[in-house]
Amino acid sequence: MMWPFALLRPRGGRSRIACLVPLLAVLALCSGCRTPSTTDVEADVKALRSILEAQQEAWNRGDLEAFMDGYAQTDSLRFASGGSVRTGWQTTLENYRAGYPDRAAMGTLTFDGVDVEVMSSQWAMVFGRWRLDREADAPGGLFTLIFHRDDPSDPWRIVHDHTSSGTS
């Protein structure tokens, strides 16, 4: 294999190594880019799971405001379900209040089959199943949540929630 060494031969009065200097500089800069370590990822997975656990506990005691703590309090929050898309934290809270006006309507929430994927130090995706056990029925379905944070020291918050319902 001769071609890598051919780069070292002078051409036109200028060493080809001189052409590699900008590439090497970029590589050196990128080597300083932070990629999450295994420990970081494990801590993030634990933090993301704890948000879901806190939401489940809040729901099961009838506290929608505490349930909403897991969501980003922003107008750009997106919640997609039942063929419609709603935006905004306040709109999402009001929709939950309208759909679940009392403890009987809320039932007991459980999450199952939760899969957490930390995509970077700022983005994560969580997929799973949800189920409400109520006196008259037990609806359930799937959810995909996109979590975001601006800085690793910030808490994770849901910025996109796509929840479907159906029989399992």
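Start with the whole chain and its contacts, meaning heavy atoms within 4.5 Å: among those between residues at least 6 apart in sequence, 50% join residues at least 24 apart. This is a predicted model, in which local features need pLDDT of at least 70 and side-chain atom pairs count only at pLDDT 80 or more, while totals for chains, interfaces and linings use all residues. Residues are numbered from 1 along each chain as its sequence is written, and side-chain values use heavy atoms, with hydrogens and water left out.

Next, colour by secondary structure. There are six helices and eight strands, taken as DSSP runs numbered from the N terminus (helices H or I, at least four residues; strands E, at least two). Along the sequence they follow α-β-β-α-α-α-β-β-α-α-β-β-β-β. Of the 168 residues, 29% are buried, that is, under 20% relative accessible area with a 1.4 Å probe and protein chains only.

Now select the open sheet of six strands, in the order β4-β3-β8-β7-β6-β5 with mixed pairing; two strands pair if DSSP finds at least two bridges between them. Its edge strands, β4 and β5, each pair on one side only. From one strand to the next the twist averages 20 degrees.

Arg-78 stands opposite Thr-87. Two residues lie between the strands of this hairpin, where Gly-82 takes a positive phi near 60 degrees.

Move to β6 and β7, an antiparallel pair with nine bridges. Here Phe-127 has Thr-144 in β7 as its bridge partner.

Finally, show Phe-79, Tyr-96, Tyr-100, Trp-130 and Thr-163, which lie nearest the centre of the largest pocket, among 22 lining residues. A pocket is an open set of points on a 1 Å grid where a 1.4 Å probe fits, with protein on both sides within 12 Å along at least five of seven lines; lining residues have an atom within 4 Å of a point. The volume, the space filled by probe spheres set on the points, is about 450 Å³. β8 gives the most to the lining, with four residues.

Note on methods. Axes fitted to C-alpha atoms, helices over the stretch in contact; angles between N-to-C directions. Buried < 20%, exposed > 50% of the residue type's maximum accessible area, 1.4 Å probe, protein only.
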